[in-house]
Structures are given as C-alpha cells and as structure tokens.
Amino acid sequence: MSDATNVYITGMGAISSLGINVPSMFTALLENKSGVKHYPDWAKYNGLHSHVGGPAPEYDIMKVPRTARRTMSRMSEMSVLATLEAMGQADLQAGAKKSTPRIALCMGSTTGSPENLELYFKKLIERGGPEGQMGTTFFKVMNHSVVANVAAALEFKGPVFSPSSACATSAQAMILGWELLQSGLYDIVIAGGADELHYTSAAVFDIVMAASRNYNDSTQRSPRPFDIKRDGLVVAEGAAVVVMESESSMQKRGARPLARFDGGAYLCDASHMSQSSRPAMVEVMTMALERARRKSSEIGYVNAHATGTVQGDQEEAQAIGDVFGKQIPVSSLKGHFGHSLAACGTLEAIACVEMMRRDVLLPTRNLHEVDPACAHVFHLQEARKTSVRTIMSNNFAFGGMNTSVVLSFMGG
C-alpha cells in the first residue's frame, strides 16, 4: 500500500458499560469486569423474559451548551462526549465556525432514541393526537439524530454521513470513512456510532429467542460467547468514535498515529433476516484481507463479534476457522460490555488498538467450557501478554449485514 493511501487513527473516544472514557473502559477490561446489571423493573413488561442490560455509568453532559443539549437524547449525549474525547486526543479543535469541507462526520445508530420514541407514541395514544408533544422530540428520534446532534454541538459546517445497519453501524462507518479518505476527497473523517439502553431493544432480541433469559439473577455470568451454556445476548449501551486521517493530513498537523486502519469490507447476505451465515462471514473476512492487502498469516488475533447467541457464535467460530485455522487467538468482548449495538464495532476496534498498544490480548469473559460446535478456533480464556501488530475485528447484524476491519500497530 502506498503512503498516499495510508489511513490512521489519531483519536479515540468511548462511553460504555465499563467506563465514561477510553482509559477507564480499558482498565475495567484488564480487570476482567462486567458491565451487565439486573433490571427487575423489566419484569412488568408482558412477554419480556430478558431482564439484564449493560448501562453506561453516569456522565457529565453539562460541558455542552444548553442550546445544543435540548435536542439530544441519551445516545446523542454519549456520542458528543465520545467525539470530544476523540478530538481532544487527536488535537482537533471543536467549535470552528468556518466551513470544513475536507473534514467529514460519519456516525449512526440503530434507530432514533427508543426512550423518546416510546414517550412520543405513549402520549399520542393517550391524548388521541399530537397535543402536548415537545417541539424538540423529533430531533431526538430522527434516524440521523446522532450525527446531527454531534454536528450541532461542534458547530460543524462540513459534510455529514449517517449509516444505519444495526449492530454493524459503526464498523460500516469506519470502513466508509476509510473509503472516503482513500478517495482523496477528505483529509479527516470522524466515525463511529451509538445506541442507548432501553427495554424495547432487549425485546427485539427476546422475541426471536436471541436474548439471554437464564441469568436474570446472576448477571455476571451472562452473556457467554462460545460457551456451551450460552443462552443469548445482553443488550447494552454506549458510544464510540475514532478520528481517521490520511497520512498527509496527519503529518501536516503533527498528529500522533495510534494505529493504522488497513482496510475493511462490508456485504449483505440476504438469505435470512436474522440468522448468521458462515459462507457470508468467510467472504467478508476474505474481502477485508484483500482490501487491506494482508494475508491471513499476517493476522495475530481475531476479535469476534460473538454475542452469546447459539447460532451466531457457532457460525462465526466455524467461519473464522475456515479463514484462519486454529492457530490464531480469538476472543469476544461481549461478555465484558454486553452488546452495545450500533456502538460495538468502533468500541471493539478501540479495544483492539489498546490491546496492540499494551501488548496484551483479552479473553472471552464467561467462557468456561467451549461448545464443541464452536471448537474450530483457538479460544482465549485467559489474558495473554504478547506483542501483536495486526488484528481483525468482526461485526455482524440483522438483515445479513456483515463487516470485517483490519487494524495495525506500528509500535512506539
């Protein structure tokens, strides 16, 4: 790959169930902590069997002006704070009034704010019409609410993109950012995604038997990616953002590279709306390697999407085995975070960058006995001190959305 096409990550920001910034989050990962909590109030919702979720800790949004805050939902608030953290690390200034056509924002969510959507329709039904609705509600529930509110908070005047592909959203945003930077049209892309925790999100997975139900009273034991006793995913919340930058822009600004974004791929497998597909996963991983100009033998670790569902984990383990064999370490971080939906791709990419920077590979939490159906790869069940320079991270979503990205660390 020529220097002209190299793309780097120069800033990272995150809010997750394990912390309100990247340092606190990664410390919790190193300590093998879980962000999963019990929600006893969810028992009042008829037909909802999963009562566990991964909430973010309290955060301070007051640093953002009130005029910008009033149109923000929880997911937008977290996105703004994660963006400010990433921009701070990259030494980019927020609040620029002038036009910034060579900087783009690219971030999205699964839907608009579920909390505000529920409140809107509840009031609509109770009052028989729109009487009493707040004028700011629409700006919290529109599909591009996250990126629009981030732009407003930054007083941003440049181009905006808002991908929405459920659990693959922020991974797709990063790949799109890489493509935009490679095109030469932009110097910097700020990419990521967010979702907020709400019982309706858990219900979506519970209805299709994909949410964890058996650990409501023992939340630290779920989810259990690849484990023989796994029973589904645990919905979580968060926001994750990276500053992606062309090499020429990075050098001109004197910015410090955290990692290189070698490339990635996304594709849709329309064979089934909710079930993962081993052949599609193999194809997207192979495509990502080709686009990153990497061989499978150059990958030192695979960060699996594995959420703890029976079918999804099995298909992914077999697909990773097809591409990499059993020599490369594999783990999932969903046992720590829960499943942060649209945020998970960038959140896990950030964790991968930190693993490479700190010479450590994190294990799959709650993986005590590997399901024989998932035994096609080398599972990490304990943290490992080792130097890894190139990593692949997978993310898959409903609708047959498949993504894989390749990241490298240059040392230093």
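Is phenylalanine 121 buried, exposed or partly exposed? Phenylalanine 121 counts as partly exposed, because its relative accessibility is 44%; buried means under 20% relative accessible area, exposed over 50% and partly exposed in between, with a 1.4 Å probe and protein chains only.

The views show a predicted model, in which local features need pLDDT of at least 70 and side-chain atom pairs count only at pLDDT 80 or more, while totals for chains, interfaces and linings use all residues. Residues are numbered from 1 along each chain as its sequence is written, and side-chain values use heavy atoms, with hydrogens and water left out.

View A. The structure holds seven aromatic pairs (rings of Phe, Tyr and Trp, the last by its six-membered ring, with centres within 6.5 Å; planes under 30 degrees apart are stacked, over 60 edge-to-face and the rest tilted). Tyrosine 120 and phenylalanine 121 make an edge-to-face pair, because their planes stand at 90°, with the ring centres 5.2 Å apart. Tyrosine 120 is partly exposed, at 27% relative accessibility. Phenylalanine 138 and phenylalanine 139 also form an edge-to-face pair, with 6.0 Å from centre to centre and 70° between the planes. Phenylalanine 138 is exposed, with a relative accessible area of 52%, and phenylalanine 139 is partly exposed at 37%.

View B. The largest nonpolar core around Met244 and Phe261. A nonpolar core is a set of buried Ala, Val, Leu, Ile, Met, Phe, Trp, Tyr and Cys residues joined through side-chain atoms within 4.5 Å. The largest one has 47 residues, and Met244 and Phe261 touch the most other members. Helix α13 (residues 344-358) supplies the largest share, eight residues (helices are DSSP runs of H or I with at least four residues, strands runs of E with at least two, numbered from the N terminus). A second, separate core of 30 residues includes Ile15, Ala68, Met72 and Val241.View C. On a 1 Å grid over the protein atoms alone, a pocket is an open set of points where a 1.4 Å probe fits, with protein on both sides within 12 Å along at least five of seven lines, and lining residues have an atom within 4 Å of a point. The volume of the largest pocket is about 510 Å³, taken as the space filled by probe spheres set on the points, which are joined across faces, edges and corners. Its lining has 34 residues, and Ser274, Ser276, Thr309, Gly312 and Phe398 lie nearest the centre. At least two lining residues come from each of α10 (278-292), α11 (310-324), β14 (390-397) and β15 (401-408). With five residues, α11 gives the most. The lining divides into 15 nonpolar, 15 polar and four charged residues (Ala, Val, Leu, Ile, Met, Phe, Trp, Tyr, Cys and Pro are nonpolar, Asp, Glu, Lys and Arg charged, and the others, Gly among them, polar).

**View D. Valine 388 in a loop.** Valine 388 is found between β13 (384-385) and β14, and is buried at 8% relative accessibility. Its C-alpha atom is separated by 7.2 Å from that of tyrosine 301, 87 residues apart along the chain. Apart from neighbours within four places in sequence, valine 388 is in contact with Gly300, Tyr301, Met356 and Leu361.

How values were computed: Contact means heavy atoms within 4.5 Å.
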